[in-house]
Amino acid sequence: MSPRRTANAPGKNIVVLAGESSNDRRILASFIKATRPDLASAVVLAEITDPVRLRKKSGTELIASASTLVKKARGKAKLKNGRLVGIAVHEDMDACPGPAYDRARKAVSSALSKASGGTCESVYALAAAETEAWLLLFPAAFSLHNPSWSFPVAWKGKDTGRRQTPKEDLEVVLKNPRYRESDGPEIASKALTHGLLAEPDGSNRSYSDFIADLSGWPVLGR
């Protein structure tokens, strides 16, 4: 990802975010900004709004879907008068890490890499079991978003990937007002602003996998 600009080349480098919902894409943006501030400062983050459904596909169907997604990402970059340098794709696993997670992550990551044809980077954020499980790694951010919320002490420092229904669990314990999916991006943003994303409280293999993959992206301009 070291573009050489020509006289007629687009002037902006674009990283496109794709996912199941706008909430997930916005959360992904915060994680990218925290993990790769060097990258985030050098690119424009853009979204494509088509729902992502890759993890249950295989073979030619997966290849075709990944190719379509990358083409749409290139189209979004072109629309913004830029060049696509990366695509980050989110999906919920809806299950804890295990053999099915490993298979899906490997297959989709490979399909995205092949679809990009070496012209841009790609990363697959397969959240186990849901994006909320990643948010649980940053308990202090919940009260920063809503001071009336009290994050359960017993939840801290745990493997959040083992929690099968993190969203529903949050809805039960965080009330007045009750936790909603739309709170997720604001919680992630608060964690980013206060520097909390650098130090997760607990573990989640799917989150660690995503961060490791993203950390391996080359630095623009080198």
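**View 1. Overall fold of the predicted model.** The secondary structure of the protein consists of 9 helices and 4 strands, where helices (H or I, at least four residues) and strands (E, at least two) are DSSP runs numbered from the N terminus. Along the sequence these elements follow the order β-α-α-β-α-β-α-β-α-α-α-α-α. The radius of gyration is 18 Å, close to the 17 Å that the globule rule gives for 222 residues, so the protein is as compact as a globular protein of that length; the radius is taken over C-alpha atoms, and the rule is 2.2 Å times the number of residues to the power 0.38. The C-alpha trace spans about 55 × 35 × 25 Å along its principal axes. Residues are numbered from 1 along each chain as its sequence is written, and side-chain values use heavy atoms, with hydrogens and water left out. Because the model is predicted, local features need pLDDT of at least 70 and side-chain atom pairs count only at pLDDT 80 or more, whereas totals for chains, interfaces and linings use all residues.

**View 2. The largest nonpolar core.** A nonpolar core is a set of buried Ala, Val, Leu, Ile, Met, Phe, Trp, Tyr and Cys residues joined through side-chain atoms within 4.5 Å; buried means under 20% relative accessible area, exposed over 50%, and partly exposed in between (1.4 Å probe, protein chains only). The largest such core holds 36 residues, of which Phe31, Phe138, Phe142 and Phe210 touch the most other members. At least two residues each are supplied by several elements, among them strand S1 (12-18), helix H1 (22-35), strand S3 (82-92) and strand S4 (121-127). H1 gives the most, with 5 residues. A second, separate core of 27 residues includes Val52, Leu84, Tyr101 and Ala128. In the protein as a whole, buried residues make up 46% of the 222 residues.

**View 3. Surroundings of Phe31.** With residues up to four places away in sequence not counted, Phe31 touches Trp134, Phe138, Leu197, Tyr207, Phe210 and Leu214; contact means heavy atoms within 4.5 Å. Across the protein, residues 24 or more positions apart account for 81% of the contacts with a separation of 6 or more.

**View 4. Ala88 in strand S3.** Ala88 belongs to strand S3 and is buried, with a relative accessible area of 0%. Its contacts, leaving aside neighbours within four places in sequence, are Val16, Leu17, Ala18, Leu28, Ile32 and Val123. The C-alpha atoms of Ala88 and Cys120 are separated by 11 Å, and these residues are 32 residues apart along the chain.

**View 5. Two cis peptide bonds.** The bond joining Ala128 and Ala129 is cis, with omega about -5°. Ala129 is located in the loop between S4 and H5. A cis peptide bond also runs from Asn176 to Pro177, where omega is near 0°. Pro177 occupies the loop between helix H7 (166-173) and H8.

View 6. Asn81, although not a glycine, has a positive phi of about 60°. Asn81 lies in the loop between helix H3 (59-79) and S3 and is exposed, with a relative accessible area of 54%. Asp94, likewise a residue other than glycine, has a positive phi near 60°. The position of Asp94 is in the loop between S3 and helix H4 (99-116).
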